[in-house]
Amino acid sequence: MKNYNSKLKVCLVIFLSSLFISCDSDDDDNIIDVVAPATYEFLRDGVSTVSYSGQTTRLNQVDAIYNALNSKADDGSGAQKFYTEAEIDAMFADGAGFMDASLNGTGKKVRSKTSAGCSAGNSATQAQFDDQIADFTANVVSAWTADASSGIAGKLTDATRSIHVNKYGHEIDQTFVKGLIGGMCVDQIVNNYLQPCQLDSGTRTDDNTNGILSGDKNYTDMEHKWDEAFGYLYGQVADAKSTDLSTGLSSTGTTLFKYFTKIEASNQPGIAKIVFDAFKMGRAAIVAGNYEVRDAQANIIKIQLSRIIGFKSVDYLEGYISKMAAGNTADAFHALSEGYGFIMSLQFTNDGNDNPYFTKAEVDEMLAKMDDFWTVKDSDLTSMVSQIKSKMNI
Amino acid sequence: MSKIRLILFSIISIFIVVACTSESDEDQILIPEFDRSTILTNYAENIIIPRYADFKLSLMNLKSSVDSYVAYPMISTYDKMHNDWLDAYKKWQHIEMFNIGKAEEIMFFNTINTYPVDELRINENIVSQKNDLSNANDYSSQGLSGVDYMIHGIDDTKDKVIQKYTDDPKYGEYLKNLLSIMYTNTNEIVQDWETYKDSFIQSSGNSNSSSLNMITNDFVYYFEKGLRANKIGIPAGVYSGGNTLVSNIEAYYSSMNSFQDVSKDLATEALIASENLFLGKSSTGAVGPSLKTYLDYIYNADVNKENLSPVILSNFQEAKQAVNQLDENFIDQINNNKIKMLNAFDKLQVIVVNMKTNMLSLLSIQVDYIDADGD
């Protein structure tokens with residue numbers, strides 16, 4: 001094993017040096033040369049121009065709501081606490097009522113950024129999230145110690161886990177947060193902040209080209225919009241600006257970044273470097289005023305982050321089938337709840353041509369087919385899996 | 001440019017292929033026959049069956065001290081019951097990994113040590129005088145973890161707990177029922193081993209359903225999930241984005257309400273039990289054929305193989321040291337310095353990797369479970 005490793009290393013060194021040799025002659029044809037820095041740190045007059053604290057706040061708010069939707073204290077202590085619909089609505093829609101006071105009254109709200117991309121927002125989808133909160137507080141909380149069965153909300157246990165489900169078997173903390181991974185995180189990145197309708201809105205292009213800053217800030221509007229996209233993925237990573245995020249990621253939070261690290265560790269090793277390089281290169285292109293390079297990087301990010309949704313939809317639908325086959329109903333419903341949320345998220349993907357891989361209508365049709373976990377057909381799930389695989393090329 | 005890259009890449013690929021094939025030839029040497037049944041005999045006769053007998057005895061003691069306490073709720077009967085509970089809980093650490101045969105069939109592990117417990121459901125069960133706890137939703141309402149709640153968690157001091165038993169006989173009824181279920185199930189498994197032993201030992205092949213494959217998988221799974229994740233990782237926040245979950249420690253109520261800090265003792269006991277199984281060591285200290293013996297046999301037969309057993313043994317030493325450095329009270333440890341807890345987790349993780357990846361591969365045993373995802 002050790003021998004093998006060292007041989008591999010030697011090969012790698014030779015290979016890498018060959019890359020350096022082969023790349024040098026290449027980059028000449030760009031009009032404005034764009035060089036990405038080693039980390040996502042960009043300075044103007046020695047002061048950082050990168051800011052995404054609003055995204056960090058919203059991701060932390062989602063983590064708190066995730067706990068509330070499992071009747072756990074929203075500060076993450078693990079203590080049991082039951083929430084009313086009004087309480088969770090306030091957290092979701094108003095950014096208020098969190099146990100962590102730093103999440104309250106910041107003006108940052110999750111709901112207004114859910115299914116709210118500048119290119120294709122949809123208030124009907126927003127309402128689906130409201131409905132989940134209502135269903136949870138009205139029907140699941142009241143049946144917390146009851147036994148669940150087909151058509152009856154309650155607790156469901158197998159040898160591996162216990163979950164609390166609605167009458168269709170949905171574990172709502174899962175459907176909700178996995179839905180938000182697409183509905184907020186991916187959507188805000190690929191259908192909002194990386195879009196011309198944000199980056200180039202108003203005078204932003206000219207302002208950026210001419211170095212006109214946003215109010216009293218140290219950044220141009222366009223720089224900031226790109227950073228906000230960055231924040232929806234990396235916003236909970238400690239020292240994200242000064243760290244090489246192309247490798248060695250450790251999972252944090254409950255949303256997009258958590259699954260990004262999972263995909264890096266399993267389905268698509270190397271995705272972390274592709275996405276990080278694209279974020280850096282696109283940001284450097286904005287600094288250099290090269291909008292062609294910027295948009296090329298945006299496209300890479302759109303496609304790669306969409307793949308996360310595709311991979312996890314497939315994984316959890318297949319996971320449901322194998323867990324049911326092993327006789328673990330609760331574990332299977334847990335997986336299918338995650339799958340349900342990721343399927344919801346599919347409508348927020350972006351194929352690089354600013355079309356989702358699956359439209360809202362297609363997604364709603366899939367959700368309808370899998371809505372009742374107690375009667376869902378494996379054949380329907382496997383046909384969804386093959387659709388997703390072929391359409392997304394995974 | 002791309003042509004040059006392609007050519008270089010091809011050359012390098014050839015290098016890699018050439019470099020690798022020369023090595024894998026050595027894998028062709030066949031592993032000499034090893035009599036797996038010797039391990040099974042030692043495990044069954046000197047570890048599993050005696051450890052079950054110990055647990056059953058200890059549970060009998062707890063059952064009778066619970067009976068006395070419920071009949072006469074007072075400090076003296078309480079203290080004896082508490083001590084017997086702790087003794088049974090320690091003995092349990094030596095059998096939790098044997099999720100095989102009758103134990104697997106009746107979900108023994110789930111009914112004895114599911115935590116955190118479901119306080120609300122226990123409270124409802126007490127009020128409704130529910131005796132049938134066979135629904136899977138009641139795993140978290142019973143067992144030794146359930147007894148922890150019943151004697152340390154229904155109120156926050158010993159006097160107040162005793163007062164509750166004095167005032168309302170339903171508490172005593174529920175507690176006695178928990179012991180009765182545990183004792184019945186344990187007895188059933190102990191009896192089953194009398195006949196199951198022979199088929200367990202005879203099933204010495206190498207298929208997914210043969211005994212050594214199953215017991216080794218159970219052991220590695222237990223070590224990964226029951227020990228590493230449940231006792232250390234989950235409360236330290238490893239699976240919750242760094243948010244610590246102190247109420248998820250084992251025997252939470254005993255520490256929480258300052259009855260006695262026992263979580264570290266239980267974790268230590270579990271680690272010793274795991275090391276003993278790896279070594280083939282019985283409670284008397286006698287050592288027999290084991291996974292270690294098997295690994296040593298393979299290494300002796302072919303020194304090109306990895307000499308893994310000394311590595312795993314030193315991993316165990318380091319893990320025991322890391323656990324030993326923890327505060328007796330895991331709640332305090334997690335709240336004041338979770339890094340030490342994470343350090344212990346990391347040391348346990350090294351063992352998981354060495355057993356699950358390297359040991360199972362050397363022994364040609366397939367992993368028969370999917371990774372616990374942790375979400």
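In which loop of chain A does A:Ser71 lie?

Tutor: A:Ser71 lies in the loop between helix H2 (53-68) and helix H3 (85-94) of chain A; helices (H or I, at least four residues) and strands (E, at least two) are DSSP runs, numbered from the N terminus. This is a predicted model, in which local features need pLDDT of at least 70 and side-chain atom pairs count only at pLDDT 80 or more, while totals for chains, interfaces and linings use all residues. Residues are numbered from 1 along each chain as its sequence is written, and chains are lettered from A and ligands numbered from 1 in the order in which they are written.

Although A:Ser71 is not a glycine, its phi is positive, at about 55 degrees. A:Ser71 counts as partly exposed because it has 19 C-beta neighbours inside 10 Å. On this scale, a residue is buried if 20 or more other C-beta atoms lie within 10 Å of its own, exposed if 12 or fewer, and partly exposed in between, with C-beta atoms placed from the backbone. A:Ser115, also not a glycine, has a positive phi of about 50 degrees. A:Ser115 is found in the loop between H3 and helix H4 (123-140) of chain A. With 27 other C-beta atoms within 10 Å, A:Ser115 is buried.

Along the principal axes, the C-alpha atoms of chain A fill a box of roughly 65 × 55 × 40 Å. Buried residues are 48% of the 394 in this chain.

Helix H9 (residues 256-265) of chain A has as its buried residues A:Leu256, A:Phe257, A:Tyr259, A:Phe260, A:Ile263 and A:Glu264. These cover an arc of only 165 degrees around the axis, which puts them on the same side of H9(A); the arc is that of the directions from the helix axis to the C-beta atoms. They pack against helix H5 (172-193), helix H8 (221-234), helix H10 (271-288) and helix H11 (291-325) of chain A. A:Leu256 is also among the residues with the most contacts inside the largest nonpolar core, which has 100 residues. Such a core is a set of buried Ala, Val, Leu, Ile, Met, Phe, Trp, Tyr and Cys residues joined through C-beta atoms within 7 Å. A:Val186 is another of these residues. Apart from neighbours within four places in sequence, the contacts of A:Val186 (C-beta atoms, placed from the backbone, within 7 Å) include A:Leu256, A:Leu305 and A:Phe348.

Finally, strand S3 (residues 154-157) and strand S4 (residues 162-165) of chain A pair in the antiparallel sense over four bridges, where pairing requires that DSSP finds at least two bridges between two strands. S3(A) and S4(A) form a hairpin with four residues between them, and A:Leu156 stands opposite A:Ile163 in S4(A).

Key: Two residues are in contact if their C-beta atoms, placed from the backbone, lie within 7 Å.
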